[in-house]
Amino acid sequence: MVDSSSDHNDPLRGPMKHISFLIKPASSTCNMRCRYCFYADVAEHRETANHGVMEAPCAEAIIDAAFALGPDTEVTFAFQGGEPTCAGLEFFRSFCAHVDEARERQTVHYAIQTNGYVIDDTWAEFLAEHDFLVGVSIDGYPEMHDWLRPDARGVGTMGRVLDAISALRRAGAEFNILTVLTDQLAHHPQKLYRFYKQHKFGFVQLIPCLPGLDETNDEYSLEPESFASFYKTFFRMWLEDFKRGDRMSVTLFDNVIPLFAGVWPQQCGMLGACAPQFVVEGNGDVYPCDFYVLDRYCLGNIRENSLEDMATCDALRTFIAEPRRDCTLCADCPFERICHKNCKRLNTCYYREDYCGYRDFLEYAAPDMIAIARTLR
């Protein structure tokens, strides 16, 4: 959302402002049919499931609201879905053109999370030209990915995604890999790690597969025991390479290891407190978190409400004040100070009331993590 180095109690004021928007330019529209899609579940819980492609006045309102904070603002425009490329390349061309027209001295960063289905050389060259950080979704080795992430016809998509990555590499676009860690994939950490190495993926993020909003688990959601067993093996393989000077950036490790040196994490919710975002749906409605794009958490509309009003509204205060689920192991957990029950949505995959896979994994990995953290100081 917003951070100010001068006044954390009033983040929309101060000489150094940082604001980020997570924009859904195609709402919940997607050209794939992933078996576990969490956003399809979220959308089905709203009165309007799909708002369609964002219109130009709405996109311009986002840009203008960000730049109205002043010329000394650092702005991140991140695009997600559904599948954001379903909005079409011309949407992104127009968006970037308006940024160029409206900006003064603002520093602007772009990011996009895509399934890669339509990324070709033209898309890749555009993304590289505008310095987009591109997140590409791949759920592991081909047979697992094709089973979990078919297209609308039911056809596996790994071939198209690897072609997209080749196009990004040719264009010189910066990209990383996002993998949804289902319970099925969690049983094959060695195979997944070797797949990453085979394709020379140097930056990877694994997101636990979540159950539906009305459930505690389902066929694909990651169980706490699976979280622990997967990461113990995956960390061991990562550590062996790390000691040889061959380091893969893994988001969980990149966030947890510095915690042992007192360094604040980049990932929201890791310390048990929400850092609200401005998540903008296709019609301009704004929400505090991508996991909770629900009617009851709507903060307002980017074309009708000011950022300051939305950052101080009752819906946001209610969202932030909501408690996290209990776990009896927190009382004597040596890692409680760097967890505090973690993200209130993701923690479904980390712990139950009587077992914590996150603690189980950290007890295994902490000695090595602490040793690495000492080198950071």
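Lys-200 is exposed, with a relative accessible area of 67%, where exposed stands for over 50% relative accessible area, buried for under 20% and partly exposed for what lies in between, with a 1.4 Å probe and protein chains only. The model is a predicted one, in which local features need pLDDT of at least 70 and side-chain atom pairs count only at pLDDT 80 or more, while totals for chains, interfaces and linings use all residues. Residues are numbered from 1 along each chain as its sequence is written, and side-chain values use heavy atoms, with hydrogens and water left out.

Lys-200 sits in the loop between helix 7 and strand 7 (203-208); helices (H or I, at least four residues) and strands (E, at least two) are DSSP runs, numbered from the N terminus. The backbone of Lys-200 has a phi near 55 degrees, a positive value in a residue other than glycine. A positive phi of about 55 degrees is also found at Asn-342, which is not a glycine either. Asn-342 belongs to the loop between helix 11 (314-321) and helix 12 (357-376), and with a relative accessibility of 3% Asn-342 counts as buried, whereas Lys-200 is exposed.

Helix 7 (residues 189-198) leads on to a helix contact, in which its axis and that of helix 8 (residues 224-243) come within 9 Å and cross at roughly 35 degrees. Here the axes are lines fitted to C-alpha atoms, for helices over the stretch in contact, and the angles run from 0 to 180 degrees between N-to-C directions. The crossing of helix 7 and helix 8 is right-handed, a word that applies if the near helix is turned clockwise from the far one by less than a right angle, left-handed being the anticlockwise case. Contact means heavy atoms within 4.5 Å, and the residues that make it include Leu-192, Tyr-193 and Tyr-196 of helix 7 together with Phe-230, Phe-234 and Trp-238 of helix 8. The residues of this contact divide into eight nonpolar, two polar and three charged, where Ala, Val, Leu, Ile, Met, Phe, Trp, Tyr, Cys and Pro count as nonpolar, Asp, Glu, Lys and Arg as charged, and the others, Gly among them, as polar.

The strands can be followed from strand 3 (residues 73-79), which runs parallel to strand 4 and is joined to it by six bridges; two strands pair if DSSP finds at least two bridges between them. Within this pair, Phe-77 stands opposite Tyr-110 of strand 4. Strand 3, helix 3 (residues 89-102) and strand 4 form a right-handed β-α-β unit, meaning that, with the strands pointing away from the viewer, the path from the first strand over the helix to the second runs clockwise. In the loop between strand 3 and helix 3 lies Gly-82, which is joined to Gly-81 by a cis peptide bond with omega about 5 degrees.

Strand 4 (residues 107-114) also runs parallel to strand 5, with five bridges between them. Tyr-110 has Phe-132 of strand 5 as its bridge partner, and Gln-113 stands opposite Gly-135 in strand 5. With helix 4 (residues 121-129) between them in the unit, strand 4 and strand 5 make a right-handed β-α-β unit. Six of the eight residues of strand 4 are buried, which leaves the strand mostly covered.

Strand 5 (residues 132-137) has five of its six residues buried, so it is largely enclosed by the rest of the structure. Strand 5 pairs in the parallel sense with strand 6 (residues 174-181) over five bridges, and in strand 6 the bridge partner of Val-136 is Ile-177.

Two further loop residues can be set side by side. Tyr-292 lies in the loop between strand 10 (285-287) and strand 11 (300-301) and is buried, with a relative accessible area of 10%. Leaving out residues up to four places away in sequence, Tyr-292 touches Tyr-287, Tyr-297, Phe-319, Lys-344 and Arg-345. Thr-216, in the loop between strand 7 and helix 8, is exposed with a relative accessible area of 62%. With residues up to four places away in sequence again not counted, Thr-216 touches Pro-211 and Thr-348. The C-alpha atoms of Thr-216 and Arg-352 are 9.6 Å apart in space, although these residues are 136 residues apart in sequence.
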